[in-house]
Amino acid sequence: MSSERPYLSFSRLSRFEDCPKSYELHYLVREAAEESDPLRFGSLLHGVLEDVYRRAKGSAGEFRLTEALVTEVFTREWPKSGLIGQEHFTDGLRILHDYARQHALVDGSAVLGIEQEFRLRIGDREVRGFIDRVDRLSDEAIEVVDYKTNRVIFTREEVDSSLQLSIYHMAARELFPWAKEIRLTFYLLRHGIRLVTKRSDEETALAREYILALARQMDEAKAFPPRLGPHCPSCDHRGSCPAYHRALLGRFEVVASDPTDLDAVARERERVARLAKILYARKDELERILKARLKDVDILELAGVAYSFTNTTQVDYPRAPTVAAIAEFAGQSQEEVERQILVVDKKRVDDLVRALGKQAEPAKVRLLKARLDHVAEKAYVPRFNAREVRR
Ligand code: SF4
């Protein structure tokens with residue numbers, strides 16, 4: 001192991017924060033990383049957006065970001081992604097088509113940086129990294145954009161306290177010193193949502209102190225214990241992690257035998273929740289293999305279980321016409337409706353219509369439902385079934 005202190009990066013810092021064992025395997029032992037599908041998927045979408053924004057930046061005037069263009073780049077990049085399965089392919093194209101519809105015209109001259117490299121001095125350490133995109137908003141303001149492919153939407157607190165965005169703020173301050181305002185955005189590609197925040201001088205100073213303290217902790221660490229958690233299923237060292245393997249085997253110790261000991265109940269609840277996430281992610285991995293085989297046969301009978309697909313109907317509500325119909329019905333602005341349902345999916349639309357319908361005339365509610373039914377996009381989606389075979 002070299003005695004020279006390595007440069008820091010957000011990945012390095014966050015890996016140590018999430019799990020010291022993963023940090024040790026990755027950066028100290030330098031074990032080869034085993035990419036997970038979520039990481040591959042994220043890299044693929046980042047690559048496609050990088051490509052189209054480079055074209056936009058290189059073009060004169062407004063650039064048309066079309067569904068055809070993202071399809072072309074996506075299908076070209078797909079074979080290199082290492083991903084297998086129609087599920088990922090369809091999912092990726094859907095996300096990119098939604099993105100293209102929402103950003104149909106790009107002002108290439110406003111794109112200041114793509115995969116913008118930075119090297120930032122913090123105390124006696126250097127922090128390096130790349131920012132997905134930096135845009136000029138005005139002569140005094142810029143926006144730093146980081147794409148995310150998470151399924152779960154970050155909370156306001158997570159965005160406001162994100163170490164990654166604090167680092168990007170400091171980097172952008174150095175790279176674009178003319179910018180008086182720096183807007184920091186996590187763009188959640190799956191949901192088409194921008195989560196925007198800023199950093200004050202005080203918050204930036206605190207982030208600097210924290211980075212230096214974390215760096216010292218990393219330098220001085222003598223032990224690197226595993227920290228099981230929701231990040232494990234996508235950990236690129238899970239293959240050689242004994243704690244993860246024990247979790248998959250379901251080895252588990254009951255600590256809350258006394259229901260009046262609420263502290264023990266809470267601790268065990270958290271452990272069970274973490275294990276459940278890990279086991280569900282493994283189940284998904286195994287199902288993907290079986291689903292791939294079901295492309296060639298109608299039914300697979302293995303180990304006393306019959307696997308097959310059946311068709312179910314999936315209803316999707318396109319955001320703009322759905323929000324417009326509900327807003328008109330409720331006599332609210334579209335912004336108010338957006339705030340209430342943040343993500344436009346069937347459950348949220350049904351819940352909102354049910355709640356609003358309680359105070360409205362039945363004929364009006366029927367009209368709204370008919371209008372929503374008209375804009376809804378219906379698709380037949382294959383559902384995976386596993387059924388025990390009785391002999
Ligand atoms: S699988 Fe989980 S516990 Fe093991 S190294 Fe990875 S993150 Fe840490």
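I started with the secondary structure: the protein chain has 14 helices and 11 strands. Both are DSSP runs numbered from the N terminus, helices being H or I with at least four residues and strands E with at least two.

A reminder to myself: this is a predicted model, where local features need pLDDT of at least 70, side-chain atom pairs count only at pLDDT 80 or more, and totals for chains, interfaces and linings use all residues. Residues are numbered from 1 along each chain as its sequence is written.

Next I checked the extent. Along the principal axes, the C-alpha atoms fill a box of roughly 70 × 65 × 50 Å. Of the 391 residues in the protein chain, 21% are buried, meaning that 20 or more other C-beta atoms, placed from the backbone, lie within 10 Å of the residue's own.

Then I went to the ligand. I found 14 residues around it, the closest being Cys19, Pro226, Cys232, Cys235 and Cys241; a residue counts if its C-beta atom, placed from the backbone, lies within 6 Å. Helices α2 (20-28) and α9 (242-248) each give two or more residues to this shell.

Last, I looked at α3 (residues 37-58). At 1.5 Å a residue, its 22 residues should span 32 Å, and the end C-alpha atoms are 32 Å apart, so the two agree. The expected span is 1.5 Å times one less than the number of residues. Its buried residues are Asp37, Leu44, Leu45, Val48, Leu49, Val52, Tyr53 and Ala56. They cover an arc of only 155° around the axis, which puts them on the same side of α3; the arc is taken from the directions from the helix axis to the C-beta atoms.

Notes. Buried ≥ 20, exposed ≤ 12 C-beta atoms within 10 Å, placed from the backbone.
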